[in-house]
Amino acid sequence: NPNRAEDLGAEVGDFINYVHGNDGAVTDLRLNNFMVQSDESLAFLDAEYFVEDANYWEKEMDLITLASSAKQVKKESYEDFMEGFASEYRDIDATQDVISSVTSLGHAALLERDPERLKNAAENIYSSSNSSAMPFIQ
């Protein structure tokens with residue numbers, strides 16, 4: 001639901017804040033690993049790669065994977081989701097932005113082979129006025 005993207009982003013940000021604050025990492029933090037329940041709350045579905053004593057890089061992978069996944073949704077939902085996420089965790093930094101830009105395009109094109117997700121990723125990367133990836137992909 002695009003009207004709930006910011007709220008859902010905040011809920012994911014709160015979840016990751018808790019996980020990282022307790023030295024954990026999901027390491028496969030894609031949007032399709034969450035389900036909106038009947039009460040409108042989120043449930044995390046896939047803890048297959050969860051790490052209990054996470055290092056810095058495992059936590060970084062959470063943020064890169066999340067940003068990469070989020071870039072594959074429609075622009076307005078992406079922007080709202082990331083705004084909500086930043087309100088409860090923090091903004092994605094420049095390095096995470098660049099890496100997630102490359103991986104979002106690759107994931108949509110090569111793994112998913114989904115033209116809609118590829119189009120969304122490209123629009124979200126190119127339209128972001130503060131995208132750190134812009135010098136590398138123009």
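Does Ala108 count as buried or exposed, and at what relative accessibility? Ala108 counts as buried, at 0% relative accessibility, where buried means under 20% relative accessible area, exposed over 50%, and partly exposed in between (1.4 Å probe, protein chains only).

The model is predicted: local features need pLDDT of at least 70, side-chain atom pairs count only at pLDDT 80 or more, and totals for chains, interfaces and linings use all residues. Residues are numbered from 1 along each chain as its sequence is written, and side-chain values use heavy atoms, with hydrogens and water left out.

**Overall form**

The protein chain has six helices and two strands, arranged along the sequence as α-β-β-α-α-α-α-α. Helices (H or I, at least four residues) and strands (E, at least two) are DSSP runs, numbered from the N terminus. For 138 residues, a compact globule would have a radius of gyration near 14 Å, and the value of 14 Å for the protein chain agrees with this. That radius is taken over C-alpha atoms, and the globule rule is 2.2 Å times the number of residues to the power 0.38. Along the principal axes, the C-alpha atoms fill a box of roughly 40 × 35 × 30 Å.

Of the 138 residues, 43% count as buried. The protein chain exposes about 7,700 Å², with carbon and sulfur atoms supplying 51% of that area; accessible areas come from the Shrake-Rupley method with a 1.4 Å probe, and for residues only the protein chains shown count as cover. Among contacts (heavy atoms within 4.5 Å) between residues at least 6 apart in sequence, 68% join residues at least 24 apart.

There are 10 positive and 27 negative side chains, and the centres of the two sets lie 8 Å apart. Lys and Arg count as positive and Asp and Glu as negative, while His and the chain ends are not counted. Each charge is placed at NZ of Lys, CZ of Arg, CG of Asp or CD of Glu.

**Aromatic rings**

Rings of Phe, Tyr and Trp (its six-membered ring) pair if their centres lie within 6.5 Å; planes under 30 degrees apart count as stacked, over 60 as edge-to-face and the rest as tilted. The count by this rule is five aromatic pairs. In one of them, the ring centres of Phe15 and Phe34 are 5.8 Å apart and the planes are at 90°, so the pair is edge-to-face. This pair links distant parts of the chain, since Phe15 is in helix 1 (residues 5-21) and Phe34 in strand 1 (residues 34-36), 19 residues apart. Ring pairs also join Phe15, Phe34 and Phe44 into a cluster.

Leaving aside neighbours within four places in sequence, His107 is in contact with Arg30, Gln72, Glu112, Arg113 and Arg117. With the same exclusion, Ala108 is in contact with Gln72, Arg113, Asp114, Arg117 and Leu118. The C-alpha atoms of Ala108 and Val26, 82 residues apart along the chain, are separated by 21 Å.

Arg113 is in the loop between helix 4 and helix 5 (115-127). Its phi is near 50°, a positive value in a residue other than glycine. Thr27, in the loop between helix 1 and strand 1, also has a positive phi, near 65°.

| Residue | Relative accessibility | Class |
|---|---|---|
| Phe15 | 26% | partly exposed |
| Thr27 | 21% | partly exposed |
| Phe34 | 13% | buried |
| His107 | 17% | buried |
| Arg113 | 68% | exposed |
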